[in-house]
Amino acid sequence: MTPAHRSDLSDKDLSGLVAFVTERGSEVLAPTNEWEVARFTGPSGVCVIYRNAKDRLVWSGGADVAWNAWKNAKEWRANKRTKRGASKRWARFATLTARDGNACFYCGKPVTFEDFTVEHLVSLTHGGPDHIANMAISHARCNATAGHLSVVQKVRLAVDMKGSAQ
Ligand SMILES: [Zn+2]
């Protein structure tokens, strides 16, 4: 059974659930409003737990399935079993373009699913998180040009590249 009220869902349970889904390939997304308790990717799209006006929890997008799998030690995967890498790539592309549009962070030209790469604004080698908040879409060639520049240098480069494209 999933908790019905916000007060029934302890922070410990919530962090346990988040750890459970993250270990199974889920990407934890930032809440889009104050009512959301958790938002993460699942096999049938984005799972959201939010509280409604009566402080009751609503489990949408299969969030309850993830909860029950965790509580009952059942199998759960964030991605469909086939083409795991491909569906994660697709989830990232869909999430980032929904948030930012499909323009390359550097040159500003459209990026397609085939040629997109994830730009980590604070690079992973500089300790940047592998989290959606630290990501933008870019062409592979633009991403390679930026290398491991600092965020400020990357922003300057992006301004320069967009300027020279006009
Ligand atoms: Zn580009």
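I started with Asp11 and Arg6, whose side chains meet in a salt bridge at 3.9 Å, N to O. My working rule for a salt bridge: a side-chain nitrogen of Lys or Arg within 4 Å of a carboxyl oxygen of Asp or Glu.

Before going on, I noted that this is a predicted model, where local features need pLDDT of at least 70, side-chain atom pairs count only at pLDDT 80 or more, and totals for chains, interfaces and linings use all residues. Residues are numbered from 1 along each chain as its sequence is written, and side-chain values use heavy atoms, with hydrogens and water left out.

Next I checked how open these residues are. My cut-offs: buried is under 20% relative accessible area, exposed is over 50%, and partly exposed is in between (1.4 Å probe, protein chains only). Asp11 comes out exposed at 58%, while Arg6 is partly exposed at 23%.

Then I moved to Glu23, which pairs with Arg24 in a salt bridge, with their closest N and O atoms 3.4 Å apart. Glu23 is exposed, at 61% relative accessible area.
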